[in-house]
Amino acid sequence: MELKLYDTLTREKRVFKPLDPANVRMYVCGPTVYDFAHIGNARPVIVFDVLFRLLRHLYGVDHVTYVRNITDVDDKINARAAEEYPGLPLNAAIRKVTEKTDKQFHEDVAALGCLPPTVEPRATEHIAEMKTLIERLVASGNAYVAEDNVLFSVPSMHDYGRLSKKPLDELIAGARVEVAPYKRDARDFVLWKPSKPGEPAWPSPAGISAPGRPGWHIECSAMSWKYLGETFDIHGGGIDLVFPHHEDEIAQSRCAFHTPVMANFWMHNGFLQVEGEKMSKSAGNFVTIRELLRGWKGHAWPGSAIRWAMLQTHYRQPIDWNIEMISRSANELLGLLNRLRAGFRAQGLVDFDQLRNALRDRKPSKEVLSTLMDDLNSPEATAAVRAHKSWNIEETIRCAADLTFLGVLKDSDIRYFAAFHAISSDVENSDKMMGLATDYQVARANNDPLFAASVLSQFDNLGLKIVEKESSLLVISKKSDNSNFDESVQRLIEERAKARVAKNWTESDRIRDELAKMGVVLKDTKDGTTWEIAR
Ligand code: AMP
Ligand code: ZN
């Protein structure tokens with residue numbers, strides 16, 4: 001079986017042969033961090049995570065280097081920083097915005113089952129490499145200085161434009177919209193530009209005395225060079241990046257290194273639109289990953305269901321994100337997970353470690369693998385998973401292994417299968433109840449509403465309810481028990497206080513024991529008695 005991938009540059013599907021099988025190298029353009037990532041941004045992250053998993057499977061976990069950058073220097077970041085932190089100096093405000101957004105992005109894509117890339121370089125930490133590239137391009141006559149800018153000279157590269165295949169007159173017409181007077185050719189693009197007062201600024205290259213900052217395209221040429229070398233295997237991103245971003249990356253890297261190609265395969269995911277239209281705040285159809293996870297159209301959508309929904313469309317096709325498609329996917333996945341759980345229980349596989357061990361080192365099925373080898377045909381791969389008909393232990397484990405390989409089944413789900421058995425086999429055991437409560441908290445911390453909802457529904461089935469008092473405190477009580485748990489605890493604490501005043505130690509100890517049975521631990525302080533749920 002050979003891996004075939006579609007290459008945007010040659011417009012053909014070809015057999016993939018890495019330059020070095022001991023180190024397969026892939027670069028994907030990452031997010032610009034100034035706000036919550038939207039569901040369109042999630043698409044390349046999921047698509048290339050599937051490819052990353054496939055490459056790790058084919059060449060070995062330690063033989064794939066996946067680089068996804070973080071763009072943390074950009075006009076939109078500056079504008080957001082000034083708006084959100086008007087009292088702070090701009091650079092401090094920018095740091096706050098990028099750190100916060102970066103953290104949110106990582107939480108969101110982890111909930112979508114994406115592995116962290118091997119390296120996640122930040123643009124602002126690679127200014128030196130960008131300057132080296134710019135100096136080289138000036139020295140080779142591929143770039144020039146004009147009014148404190150450094151511009152790439154498009155006519156200096158005889159085969160500029162091969163990726164986007166835009167005709168020359170269209171390129172010129174496009175670039176003419178607003179041509180800076182200092183450009184020698186309308187198509188020339190910025191490598192470095194002077195910073196406005198207050199903006200992030202670094203000492204400039206190429207003998208320019210005014211401080212400046214890099215253009216967007218040079219970032220990716222510099223960071224891919226640093227971590228992957230002058231030429232590497234795969235370069236990816238959304239289809240919107242073909243022109244000008246990737247076209248210009250190619251121009252910079254090939255001219256700086258005198259190489260015939262920058263990457264051997266250029267892969268682009270199709271665009272995602274929401275409810276039939278391009279996402280936009282004014283159209284009211286802008287949706288972030290976080291909104292989907294927390295609640296969109298009346299439901300908190302599990303990260304695994306969002307991923308499952310995304311995999312239903314081939315990566316090069318456009319997707320229309322709407323309530324029908326996500327509902328269908330979420331229901332289908334829940335059905336599959338329930339059958340898995342039932343399959344495991346029927347075979348007495350009920351303990352988390354047991355389940356984990358059964359799945360350890362399991363390879364994906366030939367069917368799933370062969371569909372992915374054909375230019376990541378994920379819709380066919382999900383169809384192969386769906387086609388599991390019999391639920392004997394072998395098939396159940398095979399299905400779980402396929403879902404794990406696709407990044408849809410996570411440890412938290414497997415813990416849930418185990419926890420469900422534990423609680424249903426012994427409802428009275430409060431240790432086990434607390435175990436389930438722990439699972440609930442794990443689910444919340446992992447931003448995994450599917451898991452959380454499942455745990456809640458198990459409590460519900462058992463006639464129990466779980467109430468979140470504070471973020472770190474959960475109270476479990478009988479659903480039928482109308483008296484409020486907190487109130488009962490408070491009442492018992494007051495009775496105990498009275499007993500203590502009356503020096504009735506037997507009674508106060510009895511009440512302490514009764515509370516302990518309810519899972520409540522008391523703490524006597526000088527300001528009175530506080531309580532918490534035993535852990
Ligand atoms: P940005 O932060 O806009 O630079 O985008 C980060 C990544 O998300 C790039 O690879 C984009 O091509 C991709 N992307 C942005 N919007 C969409 C969308 N609506 N559909 C698919 N991919 C997108
Ligand atoms: Zn890029």
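This is a predicted model: local features need pLDDT of at least 70, side-chain atom pairs count only at pLDDT 80 or more; totals for chains, interfaces and linings use all residues.
Residues are numbered from 1 along each chain as its sequence is written, and chains are lettered from A and ligands numbered from 1 in the order in which they are written. Local features need pLDDT of at least 70, side-chain atom pairs count only at pLDDT 80 or more, and totals for chains, interfaces and linings use all residues; side-chain values use heavy atoms, with hydrogens and water left out.

I begin with the ligand. Ligand 1 is surrounded by 16 residues, each with a heavy atom within 4 Å of it. The closest are Thr 32, Gly 40, Gly 238, Asp 240 and Leu 272. Helix H1 (39-59) gives the most to this shell, with three residues; helices are DSSP runs of H or I with at least four residues, and strands are runs of E with at least two, numbered from the N terminus.

Four strands form an open sheet in the order S4-S3-S9-S10, with parallel pairing; two strands pair if DSSP finds at least two bridges between them. At the edges are strand S4 (64-68) and strand S10 (263-269), each pairing on one side only. Six bridges join S9 to S10, and Phe 232 has Ala 263 in S10 as its bridge partner.
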